[in-house]
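Here's a quick tour of a few spots worth a look in the viewer. Have the structure open as you read.

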Amino acid sequence: MSGRTPVVPDSTTQRAILRVLVQNEPISRVDIGRLTGLSPASVTETVSTLITDNWAYVSGEDVSTGGRRPELLRFNRTRYAYVVTAVHPHRIHAVLLNLDPKPLHALHRAFQSPENALDTLFSTLEELLEWAKVQSVVVMGIAVSVPGTVEASTGTVGLSTLMDWHDLRLRDLLTERYSLPVNVENDANLAALAENRYGSGRDNESMIYITTSATGGSIVIDRAIYRGSTGAAGEIGHMSIRADGDQCACGNRGCLALYASEMALEMQVLRRLKQQIPSELHAILDSHGRYPTAQEIMVAARRGDSVATNALVAVAEALAVGIINVVNLFDIWFVVLGGSFANAGPVFIDRLNEIIADRAHRLYARAVHIVTADFRHAPELIGGLMVAFENTFGFSLKLSPAANLEAIPESIGIPGLQGEGSPAV
Ligand SMILES: [Zn+2]
């Protein structure tokens with residue numbers, strides 16, 4: 001199905017050389033030897049194998065230091081690729097990404113109900129793998145982003161109410177079907193890792209990632225996801241911020257997601273519109289016969305509409321309480337805000353910062369620092385490639401100078417796709 005079977009560099013020597021190559025290309029054999037500590041004979045022999053297996057190629061010559069000019073070697077980023085997939089309620093996006101990374105081919109498939117999700121995932125993967133085979137692209141593995149809790153060591157989806165998946169051994173299912181390495185991971189975790197490696201969190205070992213579309217989240221400690229006992233850690237949306245608040249589907253009361261999500265914003269506006277408070281948003285109801293969406297509310301707030309602004313401020317106030325709780329618990333002061341509210345504008349961000357500055361624990365010497373995510377659309381696709389590569393090779397993929405990660409979603413036709421993490425339940 002996947003065309004040629006990938007020849008994964010498996011010896012310690014091969015991996016050591018490949019690591020130096022990925023991080024320092026273009027590089028001569030002499031410098032590879034210097035950085036790895038390997039003998040010239042070992043470098044020559046292993047580089048020759050890597051060239052034969054299409055992992056490296058000769059690209060020009062270095063300046064001569066007397067005698068023959070040494071050849072410069074590069075990492076072959078174009079021959080190998082990963083299939084990276086994002087499962088969302090009602091749709092699946094799958095893209096074949098090479099190691100630049102650059103999208104080679106993408107598919108978007110809709111499905112009607114959760115019962116069709118798995119079959120749609122299979123058919124989408126099959127179509128993409130077939131395309132790779134025809135184009136002689138060697139597929140190294142599959143990464144799948146899921147809106148739900150995932151036990152990373154087994155690739156089992158613990159719970160995804162959006163997909164109606166419970167204890168689904170997704171990694172095993174896909175590995176058996178395609179005979180390829182498969183990584184299954186929670187969407188917010190992948191988004192967080194993308195920000196932590198390549199985005200606005202790259203200078204911080206530890207950070208809190210919050211995706212406000214549905215108030216999912218992830219906690220990164222020393223560059224790794226904090227998972228908890230069952231993989232459900234970081235589900236910030238189900239932290240209670242009101243002891244006697246509304247009943248949540250998760251069983252708790254007053255959960256953050258009920259007060260700081262797109263739906264919460266829409267409900268806030270709806271309540272004000274029903275009270276006949278003047279707003280430009282009445283026009284949407286009058287002309288389209290429906291209530292304004294979160295996106296429309298944010299646009300109205302940017303134009304100064306008071307109903308939209310007040311609703312957005314109420315959401316910011318609730319989210320601030322949630323952020324303060326997480327910051328106080330983990331003593332992690334760097335917070336990356338992803339999802340749609342990252343675009344909500346100064347009204348939202350300023351109010352958030354104001355409350356946090358006022359209420360965060362006085363013990364901390366450093367001020368809590370909130371930044372918006374670099375990857376606004378489909379960050380889980382970037383994270384998926386990153387995790388799949390790291391699991392194959394044991395080191396991080398350094399991007400090629402030509403790589404433009406932020407442009408990838410748009411280049412495959414999904415600018416409207418939010419990288420929203422979703423609460424598991
Ligand atoms: Zn809840």
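This is a predicted model: local features need pLDDT of at least 70, side-chain atom pairs count only at pLDDT 80 or more; totals for chains, interfaces and linings use all residues.

## Helix H1, end to end

H1 covers residues 12-24. Its buried residues are Ala16, Ile17, Leu18, Val20, Leu21 and Val22. As background, an α-helix has 3.6 residues a turn, so residues three or four places apart point the same way. And what sits over the buried residues of H1? The cover includes strands S1 (27-28), S2 (56-61) and S3 (71-75), along with helices H2 (29-36), H3 (40-52) and H12 (379-393).

## Zooming in on Leu21

Which residues does Leu21 touch, once neighbours within four places in sequence are left aside? They are Ile27, Ala56, Leu73 and Phe75. Take Leu73: 52 residues separate Leu73 from Leu21 in sequence, yet the C-alpha to C-alpha distance is 7.5 Å.

## S9 and its two partners

Strand S9 runs over residues 156-160, and four of its five residues are buried, which leaves the strand mostly covered. S9 pairs with S8 (residues 149-151) in an antiparallel arrangement joined by three bridges. In that pairing, Val150 faces Val157 of S9. The S8 and S9 hairpin has four residues between the strands, and Gly155 takes a positive phi near 70° there.

The other partner is S10 (residues 165-168), again antiparallel to S9 and held over three bridges. Here Ser160 stands opposite Trp165 in S10. The hairpin of S9 and S10 also puts four residues between its strands, with Asp164 at a positive phi near 60°.

Now for a sheet elsewhere in the chain. Strands of a sheet pair through backbone hydrogen bonds, either parallel or antiparallel. This one is open, has mixed pairing, and lines up its five strands as S14-S13-S12-S15-S16. The edges are S14 (224-225) and S16 (369-372), each pairing on one side only.

At the S16 end, S15 (residues 334-338) runs parallel to S16 over four bridges. Val336 is opposite Val371 of S16.

Definitions and conventions. Residues are numbered from 1 along each chain as its sequence is written. A residue is buried if 20 or more other C-beta atoms lie within 10 Å of its own, exposed if 12 or fewer, and partly exposed in between; C-beta atoms are placed from the backbone. Helices (H or I, at least four residues) and strands (E, at least two) are DSSP runs, numbered from the N terminus. Two strands pair if DSSP finds at least two bridges between them. Two residues are in contact if their C-beta atoms, placed from the backbone, lie within 7 Å.
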